[in-house]
Amino acid sequence: MDPIQLVKDKLSQGDKITYSDAQSLVDADNMDLFRLANDVRERFVGHEVVLCSITNAKSGHCPEDCKFCGQSSHFKTSAPSYNIQDLEELKTAVDEASRNGATEFSFVASGKRTSSPGELNTLGQAIQYTKKQSGMEACTSLGLMSEEELRYLKGFGMDHFHHNLETARSHFPNIVTSHSYDEEVQTVKNAKNVGLHTCCGGIFGMGESWEQRLELAFELRDLDVDSVPINYLNPIPGTPFATQELLDPFEALKIVAIYRLIMPGKNIMVMGGREKVLRDLQSWIFFAGANGMLIGNYLITSGRSVEDDLKMIDDLGLTRKAHCVSNVA
Ligand code: SF4
């Protein structure tokens, strides 16, 4: 049977697709695949899109050796290094994201963990400000975290916790050796255990195979995360991936489409590397099944103008979602 028809039938009957169904989609015609992913996006999550914005609340000095990251102290890069920003700086970033129309705002900190009471307290107050002053939902991305630390931040009003698994378990040792995949997974479980919405995905274009992309997707589906950020490697000079070839735009969109079909009711978000990898095909992310994206700047690289992104959403007849996970099936 045609793999597109098989997946279409399964999803319309309310069934989940299997790993082997997903494998058969890898060789399907791009347009057939995107058309199905677009239909599934419309049926499960509608015409509203989630717009995330982030600030790099603490940068550089990281003892970990993640090969893609310009903030690792193992590599010589031009990424800025600074300790946690003070509350006023964080509030300024919140205000800017709110003016830009973001649904959700995330405070991101470099490092394996963010566990100092002072840092957590500053972030807690910034979360409180986000909730009270901006109407945006509050998220953080702070490395490996215990339930106790996450519960503390939830007490200030944090709605979501972001923590990427980065790549498939079988590819992880080629990318990171300073901490384990199990530690990454445990952090996601900790966030779920304390009742936070979880935003968890990976980075693509780091030499992983299609099997490994599917392996990650099924790990995320099993973890039942709420949002799945798809990042494309933007090779940072000075890192071991500095000369890595960029993904082909259609291959990058195919990842979005297959992830939508594996996790039809989740937020499939296109985040870092969008401009660099997709170039003129950026608006195709929605046709390929995404229902969200990052607007504004990334951690250590710049994004395109927020005005251009908002215009693109408007031109496509999409509207901004008021809450990140309100109608996730
Ligand atoms: S732990 Fe985070 S900040 Fe540190 S090297 Fe890895 S990705 Fe970069």
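Author: Gladly; on one side of helix H12, Glu307, Asp314 and Asp315 are exposed, where exposed means over 50% relative accessible area, buried under 20%, and partly exposed in between, with a 1.4 Å probe and protein chains only. Helices (H or I, at least four residues) and strands (E, at least two) are DSSP runs, numbered from the N terminus. Please keep in mind that this is a predicted model, in which local features need pLDDT of at least 70, side-chain atom pairs count only at pLDDT 80 or more, and totals for chains, interfaces and linings use all residues. Residues are numbered from 1 along each chain as its sequence is written, and side-chain values use heavy atoms, with hydrogens and water left out.

Reader: ok, and which residues of H12 are buried?

Author: In H12, which covers residues 306-315, the buried ones are Val306, Asp309, Met312 and Ile313. Looking down the axis of H12, these buried residues fall within an arc of 125°, taken from the directions from the helix axis to the C-beta atoms, so they line one face of the helix.

Reader: Why do residues three or four places apart point the same way in an α-helix?

Author: An α-helix has 3.6 residues a turn, so residues three or four places apart point the same way.

Reader: What covers the buried residues of H12?

Author: The cover includes strands E1 (48-58), E9 (292-294) and E10 (319-320), together with helices H4 (87-100), H10 (274-278) and H11 (284-287); contact here means heavy atoms within 4.5 Å. Just after H12 comes Gly317, which takes a positive phi of about 75°.

Reader: Switching topic, what surrounds the ligand?

Author: Around the ligand are Cys62, Glu64, Cys66, Phe68, Cys69, Ser72, Ser110 and Gly111, where a residue is near a molecule if one of its heavy atoms lies within 4 Å of it. By class, this shell has 4 nonpolar, 3 polar and 1 charged residues, where Ala, Val, Leu, Ile, Met, Phe, Trp, Tyr, Cys and Pro count as nonpolar, Asp, Glu, Lys and Arg as charged, and the others, Gly among them, as polar.

Reader: Is Cys62 buried or exposed, then?

Author: Cys62 is buried, with a relative accessible area of 9%, and is found in the loop between E1 and H4. The C-alpha atoms of Cys62 and Ser110 are separated by 6.1 Å, although these residues are 48 residues apart along the chain. Not counting residues up to four places away in sequence, Cys62 touches Gln71, Ser72, Ser73, Gly111 and Lys112.

Reader: And what about Lys58, buried or exposed?

Author: Lys58 counts as buried, at 15% relative accessibility, and lies in strand E1. Not counting residues up to four places away in sequence, Lys58 touches several residues, including Gln71, Tyr82, Ser110 and Glu119.
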